[in-house]
Amino acid sequence: MRVTAKTLKSNLDRVNEMLGTQFQINNNPDYGGWNLTSNNGSRVEYHRVSAKEMLALLKGMSAAFNIMNKEK
């Protein structure tokens, strides 16, 4: 399965809505792919990875949020 920027952005929007955060993602293939940042890119939350790994991270963040809220 090919992971597109649109797919990543959609999952990022879901994470930001769930957590009330303002994370951003950006891609730079010359430096290793996608990274997750905050504070307008000045803080790296997750270093550069492939699109598939970034998608897994974002889906994992959503799933963890859902699990945490079901237990309350």
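Let's start with a definition: helices (H or I, at least four residues) and strands (E, at least two) are DSSP runs, numbered from the N terminus. One more before we get going: the expected span of a helix is 1.5 Å times one less than its number of residues.

Now, what you're looking at is a predicted model, where local features need pLDDT of at least 70 and side-chain atom pairs count only at pLDDT 80 or more, while totals for chains, interfaces and linings use all residues. Residues are numbered from 1 along each chain as its sequence is written, and side-chain values use heavy atoms, with hydrogens and water left out.

Okay, the big picture. The protein has two helices and three strands, and if you read along the sequence you get α-β-β-β-α. The C-alpha atoms fill a box of roughly 45 × 30 × 15 Å, taken along the principal axes. What about the radius of gyration? That's taken over C-alpha atoms, and the globule rule is 2.2 Å times the number of residues to the power 0.38. With 72 residues, a compact globule would come out near 11 Å, and the protein has 12 Å, which agrees.

Next, burial. Buried means under 20% relative accessible area, exposed means over 50%, and partly exposed is in between (1.4 Å probe, protein chains only). Of the 72 residues, 28% count as buried.

So let's walk along the first helix. α1 has 15 residues and reaches 21 Å from its first C-alpha to its last, close to the 21 Å expected at 1.5 Å a residue. Which residues of α1 are buried? They're Leu8, Asn11, Leu12, Val15 and Asn16. They cover an arc of only 140 degrees around the axis, which puts them on the same side of α1; the arc is that of the directions from the helix axis to the C-beta atoms. Covering the buried residues are, among others, β1 (24–28), β2 (33–38) and α2 (51–70). And just after α1, glycine 20 takes a positive phi of about 70 degrees.

Asparagine 11 sits in α1, which runs over residues 5–19. Why does asparagine 11 count as buried? Because its relative accessibility is 5%. Its side chain makes a polar contact with the side chain of arginine 14, at 3.0 Å. A polar contact is a pair of N or O atoms within 3.5 Å; within protein, one must be able to donate a hydrogen and the other to accept it, and residues adjacent in sequence count only if both atoms are side-chain atoms. Not counting residues up to four places away in sequence, asparagine 11 touches Leu55, Leu58 and Lys59, where contact means heavy atoms within 4.5 Å.

Leaving aside neighbours within four places in sequence, valine 15 is in contact with Gly20, Thr21, Phe23, Leu58, Met61 and Ser62.

On to α2. This helix has 20 residues and reaches 29 Å from its first C-alpha to its last, close to the 28 Å expected. In α2, Ala51, Met54, Leu55, Leu58 and Ser62 are buried. They cover an arc of only 110 degrees around the axis, so they are on the same side of α2. On the other side, Lys52, Met68 and Lys70 are exposed. What do the buried residues of α2 pack against? That would be α1, β1, β2 and β3 (43–49).
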